[in-house]
Amino acid sequence: RVIDVDSAPIVFGDKVYAVSSRGNLVAIDLKSGRTLWKRQYSSYRQISIYRNTIFLTNVSGHVYAIDRVNGIERWSNLALANRGVTGPAIIDDYVVVGDFEGYLHWLNQETGEIVARHQVDSSGIHTTPTVVDNILYSQSSDGDLQAIATPNSIKTGQ
């Protein structure tokens, strides 16, 4: 049973993935409705899936990568705790989240390490960034919209 689901569940292949604000990330078989696995994560933000990894931010601002097949945690990043982070967006080899101070943070998908930051403005970012054609779009609380390509310096490891 999953209650208090505030973000849209994601259908990926033959499974549905959902997270609740009161404590569970679940994988459900689409055909039978049977719960395949359940893990304790609390979130009201959108989750993202890329290949076999679920990316999510919890209510404390921690960012996680979880194996979508078995629910085992691959990595966690606690550096953005209490920053009101958004749900994660996937671009290139990175996971990007915004925060209440208006920063976007690029995390390496494989390690969870923060590799770049960019400030949109100081009013804060409260909605998950959107990625279209490998361009990240982010809107601040004041309404400023920015279209951002992944910085070349992190693509080349400089």
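Asp67 is buried in this predicted model, its relative accessible area being 14%. Arg74, by contrast, is partly exposed, at a relative accessible area of 44%. Asp67 also takes part in strand pairing, standing in E7 opposite Thr53. The two strands concerned, E6 (residues 53–57) and E7 (residues 63–67), are antiparallel and are joined over 5 bridges.

These strands belong to an open sheet of 4 strands, arranged in the order E5-E6-E7-E8 with antiparallel pairing. Strand E5 (48–50) and strand E8 (73–77) form the edges, each pairing on one side only. From one strand to the next, the twist of this sheet averages 20°.

The structure holds 4 salt bridges in total, and Arg83 takes part in a network of such interactions. Arg83 forms a salt bridge with Asp99, the closest N and O atoms lying 2.6 Å apart. This pair links distant parts of the chain, since Arg83 is in the loop between E8 and strand E9 (89–91) and Asp99 in the loop between strand E10 (94–98) and E11, 16 residues apart. Both partners are buried: the relative accessible area is 18% for Arg83 and 0% for Asp99. A salt bridge also joins the side chains of Arg83 and Glu101, at 2.9 Å from N to O. Because Arg83 lies in the loop between E8 and E9 and Glu101 in the loop between E10 and E11, the pair ties together parts that are 18 residues apart in sequence. Glu101 counts as partly exposed, with 33% relative accessibility. Through shared partners, the salt bridges join Arg83, Asp99 and Glu101 into one network.

Two hairpins were examined next. In one, strand E3 (residues 25–29) runs antiparallel to strand E4 (residues 35–39), and 4 bridges join them. Ile28 has Thr35 in E4 as its bridge partner. The hairpin of E3 and E4 has 5 residues between the strands, and Gly33 in this hairpin takes a positive phi near 80°. In the other, strand E11 (residues 103–108) and strand E12 (residues 114–119) are antiparallel and joined by 5 bridges, with Tyr103 opposite Gln119 in E12. The hairpin of E11 and E12 has 5 residues between the strands, and Gly112 adopts a positive phi near 85°.

Gln40 is placed in the loop between E4 and E5. With a relative accessible area of 74%, Gln40 is exposed. Neighbours within four places in sequence aside, Gln40 is in contact with Gly23 and Asn24. Gln40 and His118 are separated by 78 residues in sequence and by 31 Å in space, C-alpha to C-alpha.

A further open sheet consists of 3 strands in the order E13-E14-E15, paired in the antiparallel sense. Its edge strands are E13 (130–132) and E15 (145–148), each of which pairs on one side only. Neighbouring strands of this sheet are turned against each other by 25° on average, direction ignored. Strand E14 (residues 135–139) is joined to E15 by 4 bridges, and Ser138 stands opposite Gln146 in E15. Leu145 also lies in strand E15 and counts as exposed because its relative accessibility is 58%. Together with Val132 and Tyr137, Leu145 forms a nonpolar patch on the surface, the three residues having about 270 Å² of accessible area together.

Definitions and conventions:
Residues numbered from 1 in each chain as written. Predicted model: local features only at pLDDT ≥ 70, side-chain atom pairs only at ≥ 80, totals over all residues. Heavy atoms only, no water. Pairing = 2+ DSSP bridges. Axes fitted to C-alpha atoms, helices over the stretch in contact; angles between N-to-C directions. Patch = residues over 30% accessible without salt bridge, like charges linked within 9 Å, V, L, I, M, F, W, Y side chains within 5 Å. Areas by Shrake-Rupley, 256 points an atom, 1.4 Å probe, with all protein chains shown as cover. Buried < 20%, exposed > 50% of the residue type's maximum accessible area, 1.4 Å probe, protein only. Contact = heavy atoms within 4.5 Å.
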